[in-house]
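Here is a walk through one protein model and the spaces in it.

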Amino acid sequence: MINSFKTNFNRDNDKFYWGDETEYTLVNFDNEQKRATLDLEHDYVLKNLGDGKGFEQRCKPNNVSYHPEYGRFMVEATPLKPYDGDKLADFLDVEKNMEIRKKIIVDEIKDVDGEAYNEKHNVVPLAVTSFPTMGVKGFTYKDYEVKGEASHSLFLPDEIINRHVRFPTLTKNIRTRRGQKVALNVPIFPDTNTQSLSKIDVNIPKRNLFFEDNDPFLGAAKPGHIYMDSMGFGMGCSCLQVTMQAANIDESRYLYDTLLPLTPILLSLSAAAPIFKGTLADQDVRWNVISGAVDDRTPIERGVEALKGHKDIGGVSENRRGELQKIRKSRYDSIDQYLGDFNNSLKKYNYFDESYNDLSTEINDKVYERLSKEASGHFDENLARHFAHLFIRDPLVLFSERAKPQDDEYDDDHFQNIQSTNWQTLRFKPPAAYLGEASEINKTPGWRVEFRPLEIQITDFENAAFAVFVILAAKSILKFKPNFYLPISLIDDNMGTAHKRNSLLQDKFWFREKAVFKDHAKESNGFASENHVNCVANGHSTNGHVKANGNGHAIKSTEWSQLTIDEIINGNNQFVGIAPLVKKYLATEEEFTKDPEQTEKLKLYIKLIEKRASGEIPTLATYIRKFVTSHPNYKQDSIVGHDISYDLLSKLRDVGNVKDKDAILELFGKEIGTYLLNRYSN
Ligand code: ADP
Ligand code: MG
Ligand code: MG
Ligand code: MG
């Protein structure tokens, strides 16, 4: 990583490339038995489409690439070559590309399965965030005994895990390092007939196979909560991610920091996961489920007492006891610190102030020392802390052929290994250390930022809309240079808020209402000047928020306040709003003004976000919840059985194919709904 900085620190003028990742769940529909199950038998599609004929004939001409994911029932897809963020045509291609991704999977399955694939019985890639009945007896198409060596789960057989050895190994190593199984407790949606919320789930099986089988009864399962005990419950969820490339390191740091306040907002806006393990949850999103699903911290690190029969140092060896520190978060969690928008030519920060990093983040001292003393001077305080923070985690999987001392000149496997098992709301992706065969540095991937909170949506239209919206927001940020900083602890508060049921319409989120834009005052470096920050903050009274910063003195600010997501996205009389900002961007860039008819299509994407934010149309989570609670078989007991799940998934499949008029109009409203129905009817 140090070498990556050496090679790439001064690279500049990289193009704004970007790409998305969509994850699909292979759902087995038995339309005679009216049963929808997770399918573990068709993961051959990944192999068939990964190389050879499948890749050459199906993927390459369509600019599609498939990747393995945690679940054997999961397929991840991306564009083969990234998109150009300065080309309207590329933005317009995304939705079509997403459509083809699913079609290629279906075509491949049809080819292999032949007559076994028919109207009555088939397998469909569905873009659902959480599979409703995962962990409920009979949730897989073929039955597998629940006795997995890797997970020790009471609910999920190991056969749901990707066959590649990396994935069961991750599962096992997280469990053993933690010293007990992961324990996820999601609050149950309390309905009129819901079983006593003061008791733990009555359906937890009593088994006597592994030593921790009794854990749920010793405190691992909490009363009133949906209890889950395995990595698959979280890593089996699907999401939508976008990665974008900045022109240089300074721009990537500014982009990362400025996108950070948007992460909880977009999590709430994209909420799509109201059901876990056959039970309606009192939350709408997946995030904390995945977070808990890979939480490998020992009891000491979590700051709790070990369950009876378990060690407080988990599976870490006794001679490392002294090293174990309290760690506030799981390795899958929200960002702990800003990178700081350092400007290397002016040798100062543009907007960043140390007081914004007001969470006490744990660091790996050795890594911190090494980086901050690095002779190149490339690692300022914030960069050193960023990487030192990633290295508080132990590696989770080491393949023996890779464990030998690496040639740091060419190889950043060690860093990539830690980086790829720190799953946070954003990922700062430095370029590779080694340029390989590339003749010019700009031909290799540069300084990138990955945006990771979004839940996957059911239609290609929505997924394209969210991906495009985030990218256009990023482009607008780079053009108008807003200052969105607020103390990072407030972003964490927002992350908690985003987990509340229907937070989108019922809660408020901290935001820098008086964000300043460079338009207001131009300094030589293109950022707004400090003075102007104060001018713009007028007499409007806000919820002045007092935070203690690292030095112990309190900073009071009138610049941030609590806003509804409607205000953040659509604006209010203080804050312009992200959607108007994006529209201003489209109206002031030649690429988007020269063909208004085509640009109109992008505006529909923005409209989807605007209408969701204002509550005019529901989130997918709200839609799914309503479907369940108004289903004739639903008994107001929070339970979603296989029968309701089949009807729900069939409905979602039809919505995904834009085939169900009433549902489309309910989910998208008249304007967007009618557009979609017309567009997909021919
Ligand atoms: P990961 O799972 O580690 O995030 P993936 O390869 O699955 O990585 O996805 C990375 C995304 O980044 C893809 O959508 C890809 O198209 C996109 N991408 C690839 N190269 C670049 C680049 N140079 N700049 C921006 N995005 C890129
Ligand atoms: Mg990926
Ligand atoms: Mg993925
Ligand atoms: Mg990714």
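Helices (H or I, at least four residues) and strands (E, at least two) are DSSP runs, numbered from the N terminus. This is a predicted model, in which local features need pLDDT of at least 70 and side-chain atom pairs count only at pLDDT 80 or more, while totals for chains, interfaces and linings use all residues. Residues are numbered from 1 along each chain as its sequence is written, chains are lettered from A and ligands numbered from 1 in the order in which they are written, and side-chain values use heavy atoms, with hydrogens and water left out.

Start at ligand 1. A residue is near a molecule if one of its heavy atoms lies within 4 Å of it. Around ligand 1 there are 15 residues, and Asp 20, Glu 21, Glu 76, Gln 245 and Lys 429 come nearest. Strand 1 (17-30) supplies the largest share of this shell, five residues. Strand 4 (74-79), strand 9 (240-245) and strand 17 (448-451) each give at least two. By class, counting Ala, Val, Leu, Ile, Met, Phe, Trp, Tyr, Cys and Pro as nonpolar, Asp, Glu, Lys and Arg as charged, and the others, Gly among them, as polar, the shell has six charged, five nonpolar and four polar residues.

Now the polar contacts, that is, pairs of N or O atoms within 3.5 Å. Asp 20 uses its backbone: an N or O atom there lies 2.8 Å from an oxygen atom of ligand 1. Glu 21 brings a polar side-chain atom to 2.9 Å from a ligand oxygen. For Glu 450, a side-chain N or O atom is 3.0 Å from an oxygen of ligand 1. The protein covers 74% of the 580 Å² of accessible area (Shrake-Rupley method, 1.4 Å probe) that ligand 1 has on its own.

Turn to the voids. A cavity is a set of points, on a 1 Å grid over the protein atoms alone, where a 1.4 Å probe fits but cannot get out; lining residues have an atom within 4 Å of a point. A volume is the space filled by probe spheres set on the points, which are joined across faces, edges and corners. The structure holds eight cavities of 30 Å³ or more. Of its 15 lining residues, Val 128, Ser 130, Ala 272, Ile 624 and Leu 652 are closest to the centre. Helix 24 (642-656) gives the most to this lining, with three residues. The lining has 13 nonpolar, two polar and no charged residues.

Notes: A polar contact is a pair of N or O atoms within 3.5 Å; within protein, one must be able to donate a hydrogen and the other to accept it, and residues adjacent in sequence count only if both atoms are side-chain atoms. On a 1 Å grid over the protein atoms alone, a cavity is a set of points where a 1.4 Å probe fits but cannot get out, and a pocket is an open set with protein on both sides within 12 Å along at least five of seven lines; lining residues have an atom within 4 Å of a point.
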